[in-house]
Amino acid sequence: MELRRFGPTGHMVPVIGQGSWHLEDDDPALAIAALRLGLDLGMTHIDTAELYGSGSVEELVGEAIAGCRDEVFLVSKVLPENASRAGTLAACEKSLARLGTDRLDSYLLHWPGDHPLEDTIAAFEQLRQEGKILSWGLSNFDAPNLDLALRIAGPGRIACNQVLYHLRERAIEHAVIPWCERHGVVVTAYSPFGSGHFPGPRSKGGRVLEEIAAAHDATARQVALRFLARKPSTFAIPKASRPDHAGENAGAGDLRLTRAELARIDKTFPLGARPRELPVI
Ligand code: NAP
């Protein structure tokens with residue numbers, strides 16, 4: 001499993017990690033087995049949130065990582081509605097309790113909300129100074145919102161921006177990835193399989209992925225994950241509730257695609273037009 005420096009945290013983190021959205025709907029024993037197998041195979045970056053299953057997914061993740069917490073790069077998120085200064089501190093305590101740990105490796109604001117970002121960031125900095133989080137980051141932030149966060153926090157503080165990124169949704173390549181690369185902020189790709197809408201093997205794009213996969217004795221999903229994690233700034237966090245899926249996803253961590261293969265994927269799943277960004281007022 002390839003490891004890379006996770007922005008300003010200095011931690012070496014696997015390029016392929018594990019998501020946990022909707023795990024509450026899956027068989028809990030199987031889901032825990034999938035997460036544990038993923039950990040054994042090097043997918044030690046686990047992403048969760050207080051939102052998922054209203055806290056029940058954090059409890060499930062806590063069960064999966066019991067006994068091996070130190071090997072995990074553990075990320076959770078505060079809901080925007082809870083992200084006042086006091087609310088963020090309280091939400092973090094609850095997440096820590098559900099996860100059965102004394103610290104998070106990164107704590108993210110799930111998406112921009114109505115509480116002043118100054119207050120959320122002040123709470124993040126307090127939690128960092130108290131050792132309850134080792135770093136903090138953002139999620140679903142576009143470039144103008146990232147500018148605002150940088151103005152408030154100053155350089156070297158924002159660890160990551162977790163954003164939607166899959167083969168059919170590459171909009172972040174226009175402005176968000178360049179912004180993050182300029183400022184040393186990691187880009188974590190969520191829903192890397194399009195939340196279950198992965199190109200089928202008989203579709204035009206699916207056939208291209210299958211052909212590239214065959215040349216590496218790999219799978220189409222492994223090729224897709226590796227394409228998303230091709231830049232030094234990008235990491236991917238597929239969710240799998242089945243151990244065989246987790247095993248397949250971990251296999252992307254050592255796959256290497258040629259320039260020609262990356263160019264072919266790029267052409268098959270084109271970037272698309274630049275989305276309009278609204279200025280932050
Ligand atoms: P995803 O990872 O794109 O897709 C998950 C789906 O793909 C599940 O149905 C899963 O099935 C299936 N799958 C996974 N590996 C597979 C494999 N090797 N073969 C066949 N099917 C496979 O979707 P996601 O859950 O939306 O995104 C990943 C994670 O990103 C989330 O879990 C969450 O942690 C994070 N996320 C964050 C935000 C945010 O706002 N920050 C938003 C969305 C997601 P099984 O479950 O049956 O294995």
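Aspartate 119 sits in helix H4 (residues 117-129); helices (H or I, at least four residues) and strands (E, at least two) are DSSP runs, numbered from the N terminus. This is a predicted model, in which local features need pLDDT of at least 70 and side-chain atom pairs count only at pLDDT 80 or more, while totals for chains, interfaces and linings use all residues. Residues are numbered from 1 along each chain as its sequence is written, and side-chain values use heavy atoms, with hydrogens and water left out.

**Around aspartate 119**

- Aspartate 119 has a relative accessible area of 31% and is therefore partly exposed; buried means under 20% relative accessible area, exposed over 50%, and partly exposed in between (1.4 Å probe, protein chains only).
- Aspartate 119 and arginine 85 are 34 residues apart in sequence, and their C-alpha atoms are 4.8 Å apart in space.
- If residues up to four places away in sequence are not counted, aspartate 119 touches Ser84 and Arg85, where contact means heavy atoms within 4.5 Å.

**Arginine 69, a buried loop residue**

- The loop between helix H2 (56-65) and strand S4 (73-78) holds arginine 69.
- With a relative accessible area of 11%, arginine 69 is buried.
- The side chain of arginine 69 reaches the backbone oxygen of valine 72 at 2.9 Å.
- The side chains of arginine 69 and threonine 101 are joined by a polar contact of 2.8 Å. A polar contact is a pair of N or O atoms within 3.5 Å; within protein, one must be able to donate a hydrogen and the other to accept it, and residues adjacent in sequence count only if both atoms are side-chain atoms.
- Leaving aside neighbours within four places in sequence, arginine 69 is in contact with Leu74, Thr101, Arg103, Leu104 and Asp105.

**Helix H2 and valine 61**

- Valine 61 belongs to helix H2, and at 0% relative accessibility valine 61 counts as buried.
- Not counting residues up to four places away in sequence, valine 61 touches Ser20, Leu35, Ile46, Thr48, Leu74 and Leu99.
- Valine 61 and aspartate 47 lie 14 residues apart in sequence and 9.1 Å apart in space, C-alpha to C-alpha.
- The axes of H2 and helix H3 (residues 85-99) come within 7 Å and cross at roughly 45 degrees. Axes are lines fitted to C-alpha atoms, for helices over the stretch in contact, and angles run from 0 to 180 degrees between N-to-C directions.
- On the H2 side, the contact is made by Glu58, Glu59, Val61, Gly62 and Ile65, and on the H3 side by Ser95, Arg98 and Leu99.
- The residues of the contact of H2 with H3 divide into three nonpolar, two polar and three charged. Here Ala, Val, Leu, Ile, Met, Phe, Trp, Tyr, Cys and Pro count as nonpolar, Asp, Glu, Lys and Arg as charged, and the others, Gly among them, as polar.

**Helices H7 and H10**

- How do H7 and H10 run, and at what angle do they cross? The axes of helix H7 (residues 204-215) and helix H10 (residues 259-268) come within 10 Å and cross at roughly 170 degrees, so the two helices are roughly antiparallel to each other.
- Gly205, Val208, Leu209, Glu211, Ile212 and Ala215 in H7 meet Glu261, Arg264, Ile265 and Thr268 in H10.
- The contact of H7 with H10 has five nonpolar, two polar and three charged residues.
- Glu261, Ile265 and Thr268 are the buried residues of H10. Seen down the axis of H10, they fall within an arc of 65 degrees, so they line one face of the helix; the arc is that of the directions from the helix axis to the C-beta atoms.
- The buried residues of H10 pack against H7 and H8, while Arg259, Ala260 and Lys267 are exposed on the other side of H10.

**Positive phi in two loops**

- Histidine 22, in the loop between strand S2 (12-14) and H1, has a positive phi near 70 degrees although the residue is not glycine.
- Aspartate 217, in the loop between H7 and H8, is not a glycine either, and its phi is positive at about 55 degrees.
- Histidine 22 counts as partly exposed at 36% relative accessibility, and aspartate 217 counts as exposed at 75%.

Conventions:
Parallel < 35°, antiparallel > 145°, perpendicular 65-115°, else oblique.
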